[in-house]
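Subject: Structure handover

Hi,

Here is the structure I promised to pass on. Please open it first, then read my notes below.

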Amino acid sequence: MPYNIAMVSDFFFPQPGGVESHIYQLSTKLIDRGHKVVIITHAYEERTGVRYLTNGLKVYYVPFFIIYRATTFPTVFSFFPIFRNIVIREKIEIVHGHGSLSSLCHEAILHARTMGLRAVFTDHSLFGFADAASILANKLLKFSLSDVDHVICENTVLRASLDPLMVSVIPNAVVAENFRPRNYSSSENGYQVAPLPQYLGPHDTITIVVISRLFYNKGTDLLVAAIPRILSAHPNVRFIIGGSGPKAIDLEQMIEKNVLQDRVEMLGPIRHEEVRNVMVRGHIYLHPSLTEAFGTVIVEAASCGLYIVCTQVGGIPEVLPGYMTVFAKPEEDDLVAATGRAIAALRANKVRTEEFHDEVKTMYSWTDVAERTERVYDGVSGVLSEADFYGYDITDAGSWSATRGRSGVQSFALIDRLKRYYGCGIWAGKLFCLCVVIDYLLFLLLEIWAPRENIDIAKNWPKKEKVDRIQRDRSKFGR
Amino acid sequence: MLRSQPRLFARRPSPTTVEYLVSTSPTYNLPLRLLLVTTFIFRVLVGLGVLVLLCSKFARKNYSSEATTYPQTPDLLNIDYVWYFLHIIATSKAGTQSAKLASHIPATALLPASLLIFYIILLRTHTTEALLVIRGLGIQTSTSSDTFLSTATTRFIPTEKIQDIFVNEAFRGFEVRYYLVVVVEGEEDVVVVFPRLLPRRHIVEKVWRGARACLYEPDWGKEGKSG
């Protein structure tokens, strides 16, 4: 069932960044799956109004602060009239907010719930919860998450005061086309060409690639200790190290002390689009990190057809299947031993690294992310039954908070919404309730002031024509 | 009641000419016509009343001492007749009443107030905007003025200056509106057709198809109309 989805975030192109590209990739794939997606963001310099991107992706750059220069509307509500207009003219059913630090997204979720739409929130933040900024962000999060239908996280860090059933984990994806192995025969014409296995002779050089920021938490100290031992144990091995950071000087000292200039190559900082070209020069990717939430770089390396040696920390063990990786404990001896095992396995030609790319492509594709996001949409809009969506029998109402209507989906009734907000805190709860009530009154006022029937329904981007239609047109031209 | 939602009227005097009118004027029926006549009479009466008020204020200041009497009625085509007529009004019951009223209102308040009233009674009841397309010649946009005193503002764009005509969306106030624009060669800004009324999408689309059909190849138009 196709949905009309509005992605709302403060962060979108032309500003570059991770959230931006996430929204773009996800939207494109959702459009490919037959949904209609519009993106609502605030105006950037020289970029205001309504724009179309590839594939008919419509972007509203809302001129946020210009509308009412004279009157000082509280910012919490100033977005509502225009948001309502967009939602009505695009017939939006699901509002999907991105980014926990985007105020536009929180506002949109509040208004969407007031208007009786389903709201989904994706949290992109990977930062902790100790510093002042994150405490503030957490409070803000609590406000909008009190009433949201579903939350999507990229990693498994869960927030307090959130029903765990409301949270899905959908990892980030990798654009596999940008991380193709060397000599990759693309199967664009529909023919799947089996990749040729690359055999390594016993005396061929094996190159180990390390690309990371050279910080303590990325395990650069481990690397400094392990490299001389690995190189002395295995004669035909070379290292390529990319990245910069405070620990770069330690690495350089190590190289000079052990006279390894001809076997260890330091590349310095690498831009993201060059990473693939560095990776395909190697056979093994070494990831000595001490903490890691997800480790996109490992996925990228595996996509380039590299065998992975990595420390068993954080979320890393969940990222890739066992046959692509050799795990080590985060200590010097084990890292050396694991690298040794990896080199031996490659020399014995036991690992089919040339198949990694296609496997990663299916595992971490945006299509997959879009499918899983779609499932969340199905769940919140009630297409999927609760048992299907939440995975186990939840017929006992006790596992759900009392303020929900249908279990798993937040009820739209104002009193239920107020109850949820009231539970946010002694003062915050009352403040939030006030905001919700004002928002609701504003909504009623808008229904009178700008009636629904006076808003034009936007025309959808024309979908690709069906094959028979094209053939008919051809025959018309042919005569 | 005297104005409706913007509606589209098309006139096609010849196959190569078409005029699209978008107007807020309602369809006239008998009660509405009566209402229009009533408003017109009301406007005239209000206007005359304000004139009398101003006159008595003006007359009281300068000519109050000058008590001219007219023993007999002057000739109709004489300038004296005007003075006589004014005299009759001033000495009538309404005239004395207005003179009394005028003496209570300071001139600083009376003048702006009467100007405002004149402006209001001169306002047109509805707005009309038009797009005239003549193949091989160009297009002309026109917008009716606010008051009855001035004429419509028009703008003619010759065909060779027209780069494109299209429908676009933009933010306007708290809304996103569709509007028809003409891109003129050598100009920074585009020309918006129907800038005041900004009619709704179905009207704009119809005008767009019709204008393109009339301006360019006739085949285009047939295809555009069917689609």
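Helix H2 (residues 79-91) of chain B packs against helix H3 (residues 93-104) of chain B at an angle of about 75°, and their axes are 4 Å apart. Angles of 65 to 115 degrees count as roughly perpendicular, so H2(B) is roughly perpendicular to H3(B). H2(B) brings Ile89(B), Ala90(B) and Thr91(B) to the contact. H3(B) brings Lys93(B), Gly95(B) and Thr96(B). By class, the contact of H2(B) with H3(B) has two nonpolar, three polar and one charged residues. Bear in mind that this is a predicted model.

Now the sheet in chain B. Five strands make an open sheet in the order S1-S2-S3-S4-S5 (chain B), and the pairing is antiparallel. At the edges are strand S1 (7-14) and strand S5 (153-158) of chain B, each pairing on one side only. On average, neighbouring strands of this sheet are turned by 15° against each other, direction ignored.

One pair from this sheet in detail: strand S4 (residues 138-143) of chain B and S5(B) pair in the antiparallel sense over six bridges. Which residue in S5(B) is the bridge partner of Gln140(B)? The partner is Phe156(B). A helix packs on this sheet as well: helix H5 (residues 201-215) of chain B. H5(B) touches S1, strand S2 (17-23), strand S3 (128-134) and S4 of chain B. The direction of H5(B) makes about 165° with that of S2(B).

Next, the UniProt record for chain B. An unreviewed entry lists "transmembrane region" at residues 34-55 and 101-122 of chain B. In the model, residues 34-55 of chain B are 100% helix and 0% strand. The end C-alpha atoms of that span lie 31 Å apart. Residues 101-122 of chain B are 91% helix and 0% strand. Here the end C-alpha atoms lie 24 Å apart.

On to chain A, again starting from the record. UniProt, in an unreviewed entry, places "transmembrane region" at residues 60-83 and 427-450 of chain A. Residues 427-450 of chain A are 96% helix and 0% strand, with end C-alpha atoms 34 Å apart.

Helix H16 (residues 426-449) of chain A has a packing partner in helix H4 (residues 103-114) of chain A. They meet at an angle of about 60°, with axes 10 Å apart. That angle makes H4(A) oblique to H16(A). The crossing of H4(A) past H16(A) is right-handed. From H4(A) come Leu110(A), His111(A) and Thr114(A). They meet Val436(A), Asp439(A), Tyr440(A) and Phe443(A) in H16(A). The residues of the contact of H4(A) with H16(A) divide into four nonpolar, two polar and one charged.

Six strands form an open sheet in the order S11-S10-S9-S12-S13-S14 (chain A), with parallel pairing. Why do strand S11 (264-268) and strand S14 (325-328) of chain A each have one side without a neighbour in the sheet? Both stand at the edges and each has a single partner strand, so one side of each is left without a neighbour. The twist averages 20° from one strand to the next.

Strand S9 (residues 206-211) of chain A pairs with strand S12 (residues 284-287) of chain A in the parallel sense, over two bridges. Ile208(A) stands opposite Ile284(A) in S12(A).

Two helices to view against these strands:

- Helix H6 (residues 220-233) of chain A lies across S9, strand S10 (237-242), S11, S12 and strand S13 (307-311) of chain A, and runs at about 160° to S10(A).
- Helix H7 (residues 248-258) of chain A lies across S10 and S11 of chain A, and runs at about 155° to S11(A).

Helix H9 (residues 296-303) of chain A and helix H12 (residues 356-363) of chain A pack at about 135°, with axes 7 Å apart. That makes H9(A) oblique to H12(A). The contact uses Val299(A), Ala302(A) and Ser303(A) of H9(A). From H12(A) it uses Phe356(A), His357(A) and Val360(A). The contact of H9(A) with H12(A) has four nonpolar, two polar and no charged residues.

Best wishes

Note on methods: Residues are numbered from 1 along each chain as its sequence is written. Chains are lettered from A and ligands numbered from 1 in the order in which they are written. This is a predicted model: local features need pLDDT of at least 70, side-chain atom pairs count only at pLDDT 80 or more; totals for chains, interfaces and linings use all residues. Side-chain values use heavy atoms; hydrogens and water are left out. Two strands pair if DSSP finds at least two bridges between them. Axes are lines fitted to C-alpha atoms, for helices over the stretch in contact, and angles run from 0 to 180 degrees between N-to-C directions. Contact means heavy atoms within 4.5 Å. Angles under 35 degrees count as roughly parallel, over 145 as roughly antiparallel, 65 to 115 as roughly perpendicular and the rest as oblique. A crossing is left-handed if the near helix is turned anticlockwise from the far one by less than a right angle, and right-handed if clockwise. Ala, Val, Leu, Ile, Met, Phe, Trp, Tyr, Cys and Pro count as nonpolar, Asp, Glu, Lys and Arg as charged, and the others, Gly among them, as polar. UniProt positions are given in the numbering used here, feature names are shortened, and annotations may be inferred rather than shown by experiment.
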